[in-house]
Amino acid sequence: MESKSPLIGVIMGSSSDWDTMRAAREILERFDIEHECEIVSAHRTPDKMRDYALSAESRGLEAIIAGAGGAAHLPGMVAAQTLVPVLGVPVKSRALSGLDSLLSIVQMPGGVPTATFAIGESGARNAALFAIAQLATTRPELRQRLQAFRDEQAAKVEGQTLS
Ligand code: RP5
């Protein structure tokens, strides 16, 4: 649910990241988490990025999922300007298949952390699930839903047979 008082912000450097980052939105929608999705580019819209980071906490965001590709400085630059946890998603790049994105996000110098997830859609899904796990530490009902999600996955695998 997109809402006026989102708990989770999903941002990405370009509209070309949306095919990847929509996987995060799908998870947030499945769990009925208030969220917002926006294009915020570190190099094309640096002022917007700064405003977004500086206002995140006062707007009630509890986590920011930031996806970017190539020289993927968005998660680190946002993390540098807020205490809200930033979960970085390396988007698969055209030139180097996302290895550049991964290293740009994961290799933050000590002192300003960004969590880093897998390259691509799996990373986007897991970032959303991780953010939900964080929220669930103080929300028992959400914790139950997360457990049910895991149970459902396990049941699916247990039901599989090999021919
Ligand atoms: C980054 O540059 C974006 O995160 C995107 O992954 C990459 C390429 O952007 P476009 O040239 O497709 O807009 O800023």
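In the predicted model, G13 is placed in the loop that links strand 1 (8–12) to helix 1. With 27 other C-beta atoms within 10 Å, G13 is buried. When residues up to four places away in sequence are not counted, G13 touches S41, A42, A68, G69 and L74. Q81 is 68 residues apart from G13 in sequence, and the C-alpha atoms of G13 and Q81 are 17 Å apart in space.

G13 is also one of the residues around the ligand. By class, the shell around the ligand has three nonpolar, six polar and one charged residues.

Helix 1 spans residues 18–30, and helix 5 spans residues 121–136. Two packed helices are described by the angle between their axes and by the distance between the axes. For helix 1 and helix 5, the angle is about 30 degrees and the axes are 7 Å apart. Because angles under 35 degrees count as roughly parallel, helix 1 is roughly parallel to helix 5. The crossing of helix 1 past helix 5 is right-handed. On the side of helix 1, the contact is made by T20, M21, A23, A24, I27 and L28. On the side of helix 5, E121, A124, R125, A127, A128 and L129 take part. Sorted by class, this contact of helix 1 with helix 5 has nine nonpolar, one polar and two charged residues.

Two residues of this contact, T20 and E121, were examined individually. T20 is found in helix 1 and is buried, since 24 other C-beta atoms lie within 10 Å. Apart from its neighbours within four places in sequence, T20 is in contact with G67, V91, K92, G120, E121 and A124. L83 is 63 residues apart from T20 along the chain, and the C-alpha atoms of T20 and L83 are separated by 25 Å.

E121 has its place in helix 5. With 18 other C-beta atoms within 10 Å, E121 is partly exposed, whereas T20 is buried. The contacts of E121, leaving aside neighbours within four places in sequence, are T20 and A23. E121 and K92 are 29 residues apart in sequence, with a C-alpha to C-alpha distance of 9.0 Å. K92 is in turn listed among the contacts of T20.

Helix 5 also packs with helix 6, which covers residues 140–158. The angle between helix 5 and helix 6 is about 140 degrees, and their axes are 8 Å apart. Helix 5 and helix 6 are therefore oblique to each other, as an angle has to be over 145 degrees to count as roughly antiparallel. In this packing, I132, A133, L135 and A136 of helix 5 meet L142, R143 and L146 of helix 6. The contact of helix 5 with helix 6 has, by class, six nonpolar, no polar and one charged residues.

Backbone angles were also considered at two loop positions. D32 is not a glycine, yet it has a positive phi of about 55 degrees. The loop that holds D32 lies between helix 1 and strand 2 (35–39). D32 counts as exposed, with 10 C-beta neighbours inside 10 Å. S97, likewise a residue other than glycine, has a positive phi near 60 degrees. The position of S97 is in the loop between strand 4 (86–91) and helix 4 (99–106). S97 has 13 other C-beta atoms within 10 Å and is partly exposed, whereas D32 counts as exposed.

Terms used:
Residues numbered from 1 in each chain as written. Predicted model: local features only at pLDDT ≥ 70, side-chain atom pairs only at ≥ 80, totals over all residues. Axes fitted to C-alpha atoms, helices over the stretch in contact; angles between N-to-C directions. Helix = DSSP H or I, 4+ residues; strand = E, 2+ residues; numbered from the N terminus. Parallel < 35°, antiparallel > 145°, perpendicular 65-115°, else oblique. Left-handed = near helix turned anticlockwise from the far one by under 90°. Contact = placed C-beta atoms within 7 Å. Nonpolar A, V, L, I, M, F, W, Y, C, P; charged D, E, K, R; others polar. Near = placed C-beta within 6 Å. Buried ≥ 20, exposed ≤ 12 C-beta atoms within 10 Å, placed from the backbone.
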